[in-house]
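Reader: I'm new to protein structures and would like to learn how to read salt bridges. Could you walk me through some?

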Amino acid sequence: MPKSINFRPSSFDEFFGQTQIVKEIKVYIFSAKQRKGTLDHLLFYGPGGTGKTTLALLISKELGKEIRVLNAPIIQTIQDLVDILATIEEGEILFIDEIHRLDKKVEEVLYSALEDFKLNIPYKSKENCKIISVNLPKFTMIGATTIDGMITPSLRERFGIKFYFDSYTKEEITKLVIHNVNKLDLSFVNEEIALDFALRTKLNPRIANNLIKRLDDYCLYKDVKVIDKNLLEEFFNFINIDKYGLNELDKKIIKVMYENFLNQPISIESLSSILNENPITIKEVYEPYLVTIGFINRTRRGRILTKLGQSFYYANILK
């Protein structure tokens with residue numbers, strides 16, 4: 001039988017990181033069960049890959065209720081929303097990722113569904129415009145976004161519980177890495193090697209799990225089960241990830257900023273144009289970590305390469 005590489009935790013006990021959020025969610029779930037009611041709507045916001053979808057799935061499992069996982073851009077019209085909510089059942093969970101990307105007309109119809117569990121649908125006839133009101137069973141919506149600032153205040157107010165998902169610590173990522181590597185019947189020589197691996201994941205669980213899968217491929221190819229320092233270094237050299245966790249595009253960003261905009265701010269749009277990359281990808285995937293490790297500063301006029309970023313360019317790119 002092939003070994004599974006599904007790293008999603010099956011319970012809160014297997015979920016690493018976001019400790020305070022998990023503590024609070026457990027309380028709210030207990031309360032909902034005791035009241036025999038539904039959990040309040042939740043809004044999850046923060047960097048991608050930090051556990052928002054995973055926690056939504058765990059909430060569903062803990063409540064014993066079905067969950068529908070949707071991406072906001074697929075709900076393009078009011079009719080799309082009506083079709084979804086028309087079949088929702090009592091206590092069911094509706095998880096909408098990238099909720100900041102909801103169409104505004106769709107969002108406005110959603111207000112009454114979240115607040116009063118009613119679907120108020122505008123209907124235009126030849127004579128006038130009417131509102132058709134349909135009662136809905138009580139359900140829980142979980143909205144997730146990486147860009148909290150793009151959510152309108154009106155939508156934000158409809159969520160009774162709001163959580164910011166912070167970046168992980170190196171200790172939390174190390175625990176996750178050891179746990180998931182062991183699931184694949186692999187092991188590190190010691191925790192120091194696991195920490196070395198963790199520090200190259202940009203402290204992001206999604207990136208960590210993707211790298212673990214590639215490490216599993218490499219270990220299978222090399223026919224090894226125990227990961228030592230030499231093998232780990234060989235692996236990361238093979239996939240072109242350095243000791244900071246930076247890949248080729250990270251380095252291209254630093255290179256462009258140094259060679260074209262030294263001590264000058266540059267906009268994300270200009271940077272993406274030079275690199276031929278999507279500006280959203282740069283802003284949401286690459287920039288946050290470069291800011292976290294102090295290589296880039298965000299300013300009102302644009303992004304600027306720091307002294308630390310310049311030093312990295314001298315030592316690792318200018319060769």
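This is a predicted model: local features need pLDDT of at least 70, side-chain atom pairs count only at pLDDT 80 or more; totals for chains, interfaces and linings use all residues.

Reader: What can side chains of opposite charge do when their charged atoms come close?

Author: They can pair. In this structure, the count comes to 15 salt bridges.

Reader: Let's begin with Lys 104. Which residue does Lys 104 form a salt bridge with?

Author: Its partner is Glu 107, and the closest N and O atoms are 3.5 Å apart. That counts because the cut-off for a salt bridge is 4 Å. Both residues lie in helix α4, which covers residues 104–115, and they are three residues apart, about one turn of the helix.

Reader: Is Glu 107 buried or exposed?

Author: Glu 107 is buried, with a relative accessible area of 3%, whereas Lys 104 counts as partly exposed at 41% relative accessibility. To sort such values, remember that buried means under 20% and exposed means over 50%, with partly exposed in between.

Reader: Which residue's side chain meets that of Arg 298 in a salt bridge?

Author: That residue is Glu 287, with 2.9 Å from N to O. This pair links distant parts of the chain: Arg 298 belongs to strand β10 (residues 296–299) and Glu 287 to helix α12 (residues 279–292), 11 residues apart. Arg 298 is partly exposed at 45% relative accessibility, while Glu 287 is buried at 3%.

Reader: Which residues do salt bridges that share partners join into one network?

Author: They are Asp 196, Arg 200 and Glu 233.

Reader: Now for a loop. Where does Leu 203 lie?

Author: Look between α7 (191–198) and α8 (205–222): Leu 203 is in the loop there.

Reader: Which residues is Leu 203 in contact with, leaving aside its neighbours within four places in sequence?

Author: Those contacts are Tyr 168, Thr 169, Lys 170, Ile 173 and Ala 198. Take Thr 169 as a case to find on screen: Leu 203 and Thr 169 are 34 residues apart along the chain, and their C-alpha atoms are separated by 6.6 Å.

Note on methods
Residues are numbered from 1 along each chain as its sequence is written. Side-chain values use heavy atoms; hydrogens and water are left out. Helices (H or I, at least four residues) and strands (E, at least two) are DSSP runs, numbered from the N terminus. Contact means heavy atoms within 4.5 Å. Buried means under 20% relative accessible area, exposed over 50%, partly exposed in between (1.4 Å probe, protein chains only).
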